[in-house]
Amino acid sequence: MASPLDANYRSWFGLTMCRGMTPRGWVVAVALLVFATAASSFRIVLAPGFELYLGPFFYLMAYRLGGLKLAIPVVLLTMGASVFWWGHLFTIAMALGHVVFIDRVRFAGRSLAIATLVFFLTFGSIGSFLFLYFYYGASATIIELALIRKVLNEVLLAALVDLCVAMLALNLRTGRLFRRRTVSLAELLPASITLIVLTSALVLFLGSVRSFPQDFANYRADTALQVELRIGRGLYRQEPFLGMASLQNAGIENQKVLISDEETSLRSRSAMDLFGCQRIDDGAQVSGPNDRSTFAYWVSACQLADVQIAGRQYYYLYSTRPLAEKAYHGVLLQMIGPALILVFAILLQVFLSRALKRSLRAWKEVTEGFGRPGLSAPRQLAITEFERPIAAIVAANNSFAGLVEERRRITRAVTELKQEMDLSLAANILFDREACALSFQDISTDRLAQQRSVDVHPNDCMAFSEASRADEAFIEFRLGGGCFKRLVSARRARSARPGALAFGLDRTPAPVEIGPEPDVATGAAG
């Protein structure tokens, strides 16, 4: 017998979803997991420190398909490669917090993009700041750029998941992918707008990032030029130039460089400690965590270069951190404009989404309340195109409700009349002049209609013939057996079936209504 701990383990890691899966479902599920793991193992390096990855797309899609229980193991599979990229588990912990936040805080409805944006602007930004500051000692510029990259990458992939889920559906148990017959406007429109806005912002981000390698190379070239000038000036003036020196590089404060005529002295640990370096960048490829594609490499590396002057070789060592931070600062300044546009576009998208949901909610309330008397249109609708259709529905509803209420009033009046007199409602009335007989369907609210026929006294047949073409009739007649009857204020109803008649079969004269399903039938004993 399985223990409760084992059952909880199976439940939390999505193993209970495996029940009832078809062979095709197993094949598709395994293929998707392999593809997701492989695709998430590669980075898209735009520039050193600017890396994009696809892991969030797959674990957010898993959340949409199977909830939190399926998303957690997919997070571990798709984000596990980050340990080999950056050498820490913070990215995995951030991804787990991401899906838990979406699952627990559902204020954004079904929009993963909005929920992702809120997470990385609140808990994600706080966690990233604390981690980057204490683990890497990163500056504010690098932290801000890392957060911008994180928001663009994760929110863009979340919007892509929203768009895919709005148009497609995947049955994991059967392994079948199919297009939805109908799409939800409240889901499709915000997802499309968010995807377009973030794609445009990413293009602007790429344009800004492309300047980083050139700016960094220019700073390094300026450093090399200043070192050559210092060595040449020292040789010409016979002044000491070996050792630590300060350079005046444009935009870089207090840049230090260590000059020596021996390469081994600059490669020593003591020389690197002067700049707080962990490694020396000599152009060779670096494998393992924090390679040359990461910002952590350039803020913790020292550049070792050489220059030949007057037939003699000299070497100099300097930290690349001031140069890298200056180049990163230039990228950040270029991102201020696009960032403001992005914030405005996201706020506009949130406003549009809320306005659309509010208008659709008002539409639903009006349509579901059809038939209820006194229905009124909502006072405030953010989208004008909804006002006229909703107003037309409300007007039609109130007219229909008025007719229903009038019908109920007539029914109550007829019921009250039936309690006071022998009143009968009739339809499909025919008068046979030759037989001098009146045939009709006797209608009642508590039974089915019955076909009836009565003989009219021969002396009263002419009265029916004269009243047959009139809108209103007042007829007094006798039955064939001599019983006297009276039809009082007989009125033909305009909207009912032709030939309807209301009459009394009392032995005393009684006023009645005549007409096809008349509006009002009133009578009193004569």
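**Close-up views of helix packing and salt bridges**

Both K150 and E154 are buried. Like everything shown in these views, this comes from a predicted model.

**View 1. K150 and E154 pair up within helix 8.** Here the two side chains form a salt bridge, and the closest N and O atoms of K150 and E154 are 3.4 Å apart. Both residues belong to helix 8, which covers residues 140-167. Because K150 and E154 are four residues apart in this helix, about one helical turn separates them. For readers new to such pairs, side chains of opposite charge can pair when their charged atoms come close.

View 2. R452, with a relative accessible area of 28%, is partly exposed.

**View 3. A salt bridge joins D291 and R43**. The closest N and O atoms of this pair are 3.0 Å apart. The partners come from distant parts of the chain, 248 residues apart. D291 sits in the loop between strand 7 (279-281) and helix 13 (295-298), while R43 sits in the loop between helix 2 (23-39) and strand 1 (44-47). D291 has 13% relative accessibility and therefore counts as buried. Through shared partners, salt bridges connect R43, E51 and D291 in one network. In the whole structure there are 10 salt bridges.

**View 4. Helix 9 packs against helix 15.** Look here for residues 185-209 of helix 9 and residues 336-368 of helix 15, whose axes come within 10 Å and cross at roughly 175°. The two helices are therefore roughly antiparallel. Among the contacting residues are L185, L189, I193 and V197 of helix 9, together with L342, L352, L356 and K357 of helix 15. Sorted by class, this contact has 15 nonpolar, three polar and one charged residues.

**View 5. Helix 9 also packs with helix 10**. Helix 10 covers residues 211-237, and its axis lies 5 Å from that of helix 9, at an angle of about 15°. That angle makes the two helices roughly parallel. G207, S208 and V209 of helix 9 touch S211, F212 and P213 of helix 10. Three of the residues in this contact are nonpolar, three are polar and none is charged.

How values were computed:
Residues are numbered from 1 along each chain as its sequence is written. This is a predicted model: local features need pLDDT of at least 70, side-chain atom pairs count only at pLDDT 80 or more; totals for chains, interfaces and linings use all residues. Side-chain values use heavy atoms; hydrogens and water are left out. Axes are lines fitted to C-alpha atoms, for helices over the stretch in contact, and angles run from 0 to 180 degrees between N-to-C directions. Angles under 35 degrees count as roughly parallel, over 145 as roughly antiparallel, 65 to 115 as roughly perpendicular and the rest as oblique. Contact means heavy atoms within 4.5 Å. Ala, Val, Leu, Ile, Met, Phe, Trp, Tyr, Cys and Pro count as nonpolar, Asp, Glu, Lys and Arg as charged, and the others, Gly among them, as polar. A salt bridge is a side-chain nitrogen of Lys or Arg within 4 Å of a carboxyl oxygen of Asp or Glu. Buried means under 20% relative accessible area, exposed over 50%, partly exposed in between (1.4 Å probe, protein chains only).
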